[in-house]
Amino acid sequence: MTRDILKLALISTVYNEGESIDRWIDALREQTVQPDEFVIVDGGSTDKTVLRLKQGFEKEGFTQPRIIVQRCNIAQGRNMAIKNTTHDIIVSLDAGSIPEPQWLQEIAIPFREHAEVGMVGGRCRTVLVNEFQKKLERFTDSKDPDFGTNCRFSSRNVAFTRKAWAAVGGYPEWLTLTAEDALYNANLHFAGIQSCYQPTAVVDWEMRPDLRSYLKMLWSYGYGSAEMGQAPHLYWRWLMTTLFPLLILFSHHPISYAPLRYLRNAANACGWIEGKLRGRKPPKDWKRIDGVWMSPEALAVVKGKQS
């Protein structure tokens with residue numbers, strides 16, 4: 001069975017993207033197919049992001065977005081955008097992710113061909129430009145064409161049905177900032193939503209440009225992972241190498257990578273520890289399954305299938 005009529009709702013969340021938003025707008029305008037509706041939620045930018053968005057989409061040739069300005073975290077912004085759309089297929093693209101011209105067309109293909117598919121993940125290709133970023137190549141997926149399998153999808157490049165989104169209660173708004181897509185994906189998988197990897201739906205994402213912003217990103221990832229309960233064994237290992245740096249020398253990686261690996265491990269581990277100590281706790285009706293928190297909606301779906 002296929003979906004003969006497919007309407008696409010494109011959603012995006014932005015925050016202080018004024019310096020890079022013009023390139024993003026140009027990439028959207030170059031798409032071979034266009035969304036049927038487009039909603040952008042700005043999380044309270046303090047730069048000229050909103051102004052540039054309005055100016056960038058003034059020209060004809062692209063679906064005019066509805067821009068909502070509301071201070072919120074990432075999960076709240078994603079849910080807000082979805083609630084302000086009407087079509088069945090939701091496509092998510094974050095500002096800063098530059099799609100190839102066929103991206104929107106390609107990510108919709110599995111929905112057209114397989115009615116049972118509830119989620120499609122595209123390929124996020126890491127871009128390394130300056131010398132610092134090139135040092136990170138060993139730690140990225142930039143040369144791995146199969147990255148994205150096993151449901152490791154990022155909401156900077158993903159699509160799903162409104163039914164699937166509602167089935168798990170949407171993105172988890174109780175999280176402080178990051179890990180909202182990882183926990184959302186885990187709940188979809190737990191609820192039995194069928195997913196599909198579409199490697200031809202490609203977006204480029206530039207790695208953080210300097211050490212400070214890179215470590216800040218890793219710290220926030222660790223914080224979010226602690227809140228959602230993700231992969232504690234990794235963070236314990238990173239914590240041990242942070243407390244006892246000489247342990248890094250026993251790995252199979254070249255010694256020349258040791259300083260950067262130590263800083264990466266320390267940033268992840270420190271964020272994780274702080275998330276464990278100060279992070280938000282899930283609502284009381286969420287249950288911990290296999291070390292990860294599951295929403296009451298996802299639990300209800302599984303219970304319904306078992307009854």
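Biologist: Which side chains meet Arg 78 or Glu 180 in a salt bridge?

Modeller: A salt bridge is a side-chain nitrogen of Lys or Arg within 4 Å of a carboxyl oxygen of Asp or Glu. Here the side chains of Arg 78 and Glu 180 pair with each other, N to O, at 3.0 Å. This is a predicted model: local features need pLDDT of at least 70, side-chain atom pairs count only at pLDDT 80 or more, and totals for chains, interfaces and linings use all residues. Residues are numbered from 1 along each chain as its sequence is written, and side-chain values use heavy atoms, with hydrogens and water left out.

Biologist: Where do Asp 204 and Arg 125 lie in the chain?

Modeller: Helices (H or I, at least four residues) and strands (E, at least two) are DSSP runs, numbered from the N terminus. Asp 204 and Arg 125 form a salt bridge, with their closest N and O atoms 2.6 Å apart. The pair links distant parts of the chain: Asp 204 sits in strand E8 (residues 195-206) and Arg 125 in strand E6 (residues 119-127), 79 residues apart.

Biologist: Is Asp 204 buried or exposed?

Modeller: Buried means under 20% relative accessible area, exposed over 50%, partly exposed in between (1.4 Å probe, protein chains only). Asp 204 counts as buried because its relative accessibility is 18%. Arg 125 has 24%, so Arg 125 counts as partly exposed.

Biologist: What separates Glu 131 and Lys 134 in helix H6?

Modeller: About one helical turn, because they are 3 residues apart in helix H6 (residues 131-135). Glu 131 is exposed at 56% relative accessibility.

Biologist: How many salt bridges does the whole structure hold?

Modeller: The search finds 8.
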